[in-house]
Amino acid sequence: MPKQKYNRIKTLLAEHDKSAKWLADELGKDKSTVSRWCTNDMQPAVETFYQIAKLLDIDVRELFVPTKK
């Protein structure tokens, strides 16, 4: 069974020409933590999603995989 995707962090970083290392540096997080967010192995706190949205200048809702098509 394929792994469930909850966030679009990896996709949005690529669309904005940013790396996981850049995000880790901006947030003051370990790069392995951010890597796990990008692979959906774990999820950041809600507050962190808002920080990521602000850094990428996007609406926080863009970071999530839609539940309805």
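Modeller: Let's start with helix 4: its face turned away from the buried side carries the exposed residues Glu47, Tyr50 and Lys54. Keep in mind that this is a predicted model.

Colleague: OK, and which residues of helix 4 are buried?
Modeller: Those are Thr48, Phe49, Ile52, Ala53 and Leu56. Looking down the axis of helix 4, the buried residues fall within an arc of 145°, so they line one face of the helix.

Colleague: What covers the buried residues of helix 4?
Modeller: The cover includes helix 1 (9-15), helix 2 and helix 3 (31-38).

Colleague: Let's pick one. How buried is Thr48?
Modeller: Thr48 sits in helix 4. Its relative accessibility is 6%, so Thr48 counts as buried.

Colleague: And what does Thr48 touch?
Modeller: Leaving out residues up to four places away in sequence, Thr48 touches Leu27 and Trp37.

Colleague: You mentioned helix 2. At what angle do the axes of helix 2 and helix 4 cross?
Modeller: Roughly 115°, and the axes of helix 2 (residues 20-27) and helix 4 (residues 46-56) come within 11 Å. Helix 2 and helix 4 are therefore roughly perpendicular to each other. As for handedness, helix 2 passes helix 4 in a right-handed crossing.

Colleague: Which residues meet where helix 2 and helix 4 come together?
Modeller: From helix 2 you have Trp22, Leu23, Glu26 and Leu27, and they meet Thr48, Gln51, Ile52, Leu55 and Leu56 in helix 4. The residues of that contact divide into 6 nonpolar, 2 polar and 1 charged.

Colleague: Switching to helix 2 itself, which of its residues are buried?
Modeller: Leu23, Ala24 and Leu27 are the buried ones in helix 2. They cover an arc of only 100° around the axis, which puts them on the same side of helix 2.

Colleague: What do the buried residues of helix 2 pack against?
Modeller: They pack against helix 1, helix 3 and helix 4.

Colleague: Let's look at helix 3, then. How do helix 2 and helix 3 cross?
Modeller: Their axes come within 9 Å and cross at roughly 120°. Helix 2 and helix 3 are therefore oblique to each other. Here, helix 2 passes helix 3 in a right-handed crossing.

Colleague: Which residues make the contact between helix 2 and helix 3?
Modeller: Ala20, Leu23, Ala24 and Leu27 in helix 2 meet Lys31, Val34, Trp37 and Cys38 in helix 3. That contact divides into 7 nonpolar residues, no polar ones and 1 charged.

Colleague: Where does Asn40 lie?
Modeller: You'll find Asn40 in the loop between helix 3 and helix 4.

Colleague: Is Asn40 buried or exposed?
Modeller: Asn40 has 8% relative accessibility, so it counts as buried.

Colleague: And what is the phi of Asp57?
Modeller: Asp57 has a positive phi of about 55°, although it is not a glycine either.

Colleague: What does Ile58 touch?
Modeller: If you skip residues up to four places away in sequence, Ile58 touches Leu12, His16, Ala53 and Leu63.

Colleague: How far apart are Ile58 and Leu12?
Modeller: They are 46 residues apart in sequence and 9.3 Å apart in space, going C-alpha to C-alpha.

Colleague: Great, thanks for the tour!

How values were computed:
Residues are numbered from 1 along each chain as its sequence is written. This is a predicted model: local features need pLDDT of at least 70, side-chain atom pairs count only at pLDDT 80 or more; totals for chains, interfaces and linings use all residues. Side-chain values use heavy atoms; hydrogens and water are left out. Axes are lines fitted to C-alpha atoms, for helices over the stretch in contact, and angles run from 0 to 180 degrees between N-to-C directions. Helices (H or I, at least four residues) and strands (E, at least two) are DSSP runs, numbered from the N terminus. Angles under 35 degrees count as roughly parallel, over 145 as roughly antiparallel, 65 to 115 as roughly perpendicular and the rest as oblique. A crossing is left-handed if the near helix is turned anticlockwise from the far one by less than a right angle, and right-handed if clockwise. Contact means heavy atoms within 4.5 Å. Ala, Val, Leu, Ile, Met, Phe, Trp, Tyr, Cys and Pro count as nonpolar, Asp, Glu, Lys and Arg as charged, and the others, Gly among them, as polar. Buried means under 20% relative accessible area, exposed over 50%, partly exposed in between (1.4 Å probe, protein chains only). The arc is that of the directions from the helix axis to the C-beta atoms.
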